[in-house]
Amino acid sequence: MQGTEGDRRRFALDSPVDRRPIAEFEVDSRIDVETAVARARAAQPGWAARSTSERAKILRKAIDVIVAHRADITQTIEAETGKPHVEALGVEIVPSCDFLNYWTGRARRDLRPHRQRLHGYLRPFKKLYVQYQPLGVVGVITPWNAPFVLTINPVVQALLAGNTVVYKPSEVTPGSGEWVARVLHEAGVPDDVVQVVRGDGETGAALVDSAIDKVCFTGSVATGRKIASSCAQRLVPYTLELGGKDAMIVCADADLERAAAGAVYLSMFNTGQVCMSVERIYVVDSVADEFIALVAEKAAAVTCGPGAADMGPLFWDRQLDIVTRHIADAEEQGAKIPVGGARVPGDGLYFQPTVVVDAHHDMQIMTEETFGPVASIMRVRDEDEAIRLANDSRYGLSGSVFTKDAAKAQRIAARLITGSVVHNDSSVIYGVPEAPFGGRKESGVGQVNGVHALRGFTHAQPVLIDRWQPARESIWYPYTDRTIRDLDQLIQHGFGKKLLRRLLS
Ligand code: NAD
């Protein structure tokens, strides 16, 4: 809900648990955003002048701050999202500490200048060094589904690389996002080095249009497109981590107990509001009856509603509308719903844990991102059909293969057009910092995490050093017959002869 006071827009937040008002916040204007970016610009050289180890040391202290304030941080997250405490701890706090620990531990190694061995053709004449320069001011824009971890992870990576950061958390979870700046300031990061701006899409658009040097965006495909076109106008680099419709393939040789438990948990934890939630399940016909029975039994046992241990509400009303619409469409088109399928009565935004069977690709539930607690199952003839259907999507974020045969999982993975693939599990992939994470097709542009993550917030600057410093290079002016003869000999004898070609490679 929004209003204005003076020239300022204001937002009122209510609890997804019972719709009671919980907070109000003031929206930052375009001028506020530009002021924050100017302060970040002024602070950047001082931050970059510190050594990587010094930056890492400060940021490592953030782990102690999170540990000390975990009850307050999770309280804000739970108030804004209604997540059960287990999910506030397990989805937000644990991976945030792990990311901080991991990135601060490897920053020096990843960011130090290094010599790159040249190939034989150039090696006698030149030496190559690569050094990593911060980009300047990075704008980070994040969603509401995991508002703390999805903010702190890119912010910390950008800071370690020597950038300053202005970030905008979602208007649905501003307090949870704001904790990131509070934690980092308490750890010793100077105020202007990391700043938060508050607001909705208008504030986000102002940040993208401001004088920043990179945008790191996590959110929907629709917003990602807008950001890409704004960045294109100014030729500003960006990464886009967008939506998904991830497929889970259940092979005939899968451990069906694990596959069914995974299908329920991985499509329903965080109330199904995870970018790499299992959103489509393809099960091979020979084991489909047993698998569906197990999924139905396990989904029926998931507790949901105010005070329930397992599942919280959807985090905001727009999400409830989408889930309701997808279920209605599936039912109209002949799907069976053995478990759930409706909103939980009461004021909160609870939707029952739901199993959809006999789903097919004319249904929204199998083609559009649902982002709700729904396990949608389709029977397939065999693994080839599962792979074909899994790839029949405009999304390509992640995917999973359930089988006892790890080599088969790898073979199937190679045929899936997705950013990543996980064997016998799924969403855990974002929590693996070594794994480059990013979507294919409409699920994103670029990657976060992985061994090049910190370098993604830098410019890799090659510096080519002259070994011998001759008065001139043989190719420089004046061009003479000798220049032509030398080049021709290089081509004939160097590249034309297999042995020498090997030496030049
Ligand atoms: P959203 O695109 O509506 O909003 C994301 C953020 O962008 C918010 O902070 C919002 O205020 C801001 N924003 C909105 N319009 C903007 C504009 N024109 N310019 C700049 N910023 C703007 O997405 P959401 O509903 O908050 O998040 C859910 C989506 O995020 C889902 O599609 C989900 O799959 C995706 N997601 C992806 C990942 C990933 O890593 N790939 C992770 C989590 C969520």
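Tutor: Before we start, contact here means heavy atoms within 4.5 Å. Also keep in mind that this is a predicted model.

Student: Okay, which residues in H4 does H2 meet?
Tutor: On the H2 side, look at Thr 52, Arg 55, Ala 56, Leu 59 and Ile 66. By class, the contact of H2 with H4 has 7 nonpolar, 1 polar and 1 charged residues. The H4 residues that H2 meets are Ile 152, Val 156, Leu 159 and Leu 160.

Student: And are H2 and H4 roughly parallel or roughly antiparallel to each other?
Tutor: Helix H2 covers residues 52-81 and helix H4 residues 149-160, and their axes come within 9 Å. Those axes cross at roughly 155°. Angles over 145 degrees count as roughly antiparallel, so H2 and H4 are roughly antiparallel.

Student: Let's switch to the strands. In E15, what is the bridge partner of Val 356?
Tutor: Strand E14, residues 354-357, pairs with E15 in the parallel sense over 3 bridges. In E15, the partner of Val 356 is Ser 376.

Student: What about the bridge partner of Val 283 in E15?
Tutor: Here strand E12, residues 278-284, runs parallel to E15, with 4 bridges joining them. The E15 partner of Val 283 is Arg 379.

Student: Last one: how many residues of strand E15 are buried?
Tutor: Strand E15 spans residues 374-380 and is largely enclosed by the rest of the structure.

Notes
Residues numbered from 1 in each chain as written. Predicted model: local features only at pLDDT ≥ 70, side-chain atom pairs only at ≥ 80, totals over all residues. Heavy atoms only, no water. Axes fitted to C-alpha atoms, helices over the stretch in contact; angles between N-to-C directions. Helix = DSSP H or I, 4+ residues; strand = E, 2+ residues; numbered from the N terminus. Parallel < 35°, antiparallel > 145°, perpendicular 65-115°, else oblique. Nonpolar A, V, L, I, M, F, W, Y, C, P; charged D, E, K, R; others polar. Buried < 20%, exposed > 50% of the residue type's maximum accessible area, 1.4 Å probe, protein only. Pairing = 2+ DSSP bridges.
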